[in-house]
Amino acid sequence: MGKFCKMDFGRKNKQKGVNIMNKFIGIGRTTKDIELSQTPNGISVAKFTLAIPRTFRNKDGEKEVDFINCVAWQKAAENIHKFVKKGDQLAVVGRIEVRSYEAQDKTKRYVTEVVVEEFEFIGGNKKTEKDKKKYLTEIPVDDLGDDLPF
């Protein structure tokens, strides 16, 4: 008999009394080595892109790929930077955020990215696979305070 899992993706919006959900779950390969930087207050932030092939083929018989921008904070950012290299497979759970900024040409630009809340190393460099298992983690991202650069 199979296992059953109760999943509660929604949460109550106390102001309007309705359920809301913002959840991304994906497995893909990193498109380049992970960029790690620090905010002015010293919080680690890692930015990376996952290439996730679609499950169907287009009219030419080719699989298309979506490129998903991701951002991880604090210890998660440090561990992903330490253990994940270009082409490694990574599972990510998070929420989708859209932010905007003014570009140098004074136009408003929008960025959509996944804020990593959980991750799991799937595959990559065999040498570090054993070490990676120690760092599987669930990340509390709600306590970042006001130190976000956007």
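Predicted model: local features only at pLDDT ≥ 70, side-chain atom pairs only at ≥ 80, totals over all residues.
Ring pairs link Phe83, Phe119 and Phe121 into a cluster. By the rule applied here, rings of Phe, Tyr and Trp (its six-membered ring) pair if their centres lie within 6.5 Å, and planes under 30 degrees apart count as stacked, over 60 as edge-to-face and the rest as tilted. The count comes to two aromatic pairs. The rings of Phe83 and Phe121 have centres 5.9 Å apart and planes at 70°, so this pair is edge-to-face. The pair links distant parts of the chain, 38 residues apart: Phe83 lies in helix 1 (residues 74–83) and Phe121 in strand 8. For Phe119 and Phe121, the ring centres are 5.3 Å apart and the planes stand at 75°, so this pair too is edge-to-face.

Residues are numbered from 1 along each chain as its sequence is written, and side-chain values use heavy atoms, with hydrogens and water left out.

Let me turn to the strands. Helices (H or I, at least four residues) and strands (E, at least two) are DSSP runs, numbered from the N terminus. Strands pair if DSSP finds at least two bridges between them. How many bridges join strand 7 to strand 8? There are 14, and the two strands run antiparallel; Val93, for instance, stands opposite Glu118 in strand 8. Their hairpin has five residues between the strands, and Lys106 there takes a positive phi near 70°. Strand 6 (residues 63–73) runs parallel to strand 8 (residues 108–123), joined by two bridges. Cys70 stands opposite Val114 in strand 8.

Finally, two residues of strand 7. Arg99 is in this strand (residues 89–102) and counts as buried because its relative accessibility is 18%. The Arg99 side chain makes a polar contact with the side chain of Glu113, at 2.9 Å (a pair of N or O atoms within 3.5 Å; within protein, one must be able to donate a hydrogen and the other to accept it, and residues adjacent in sequence count only if both atoms are side-chain atoms). Ile96, also placed in strand 7, is partly exposed, with a relative accessible area of 38%.

Definitions and conventions
Buried < 20%, exposed > 50% of the residue type's maximum accessible area, 1.4 Å probe, protein only.
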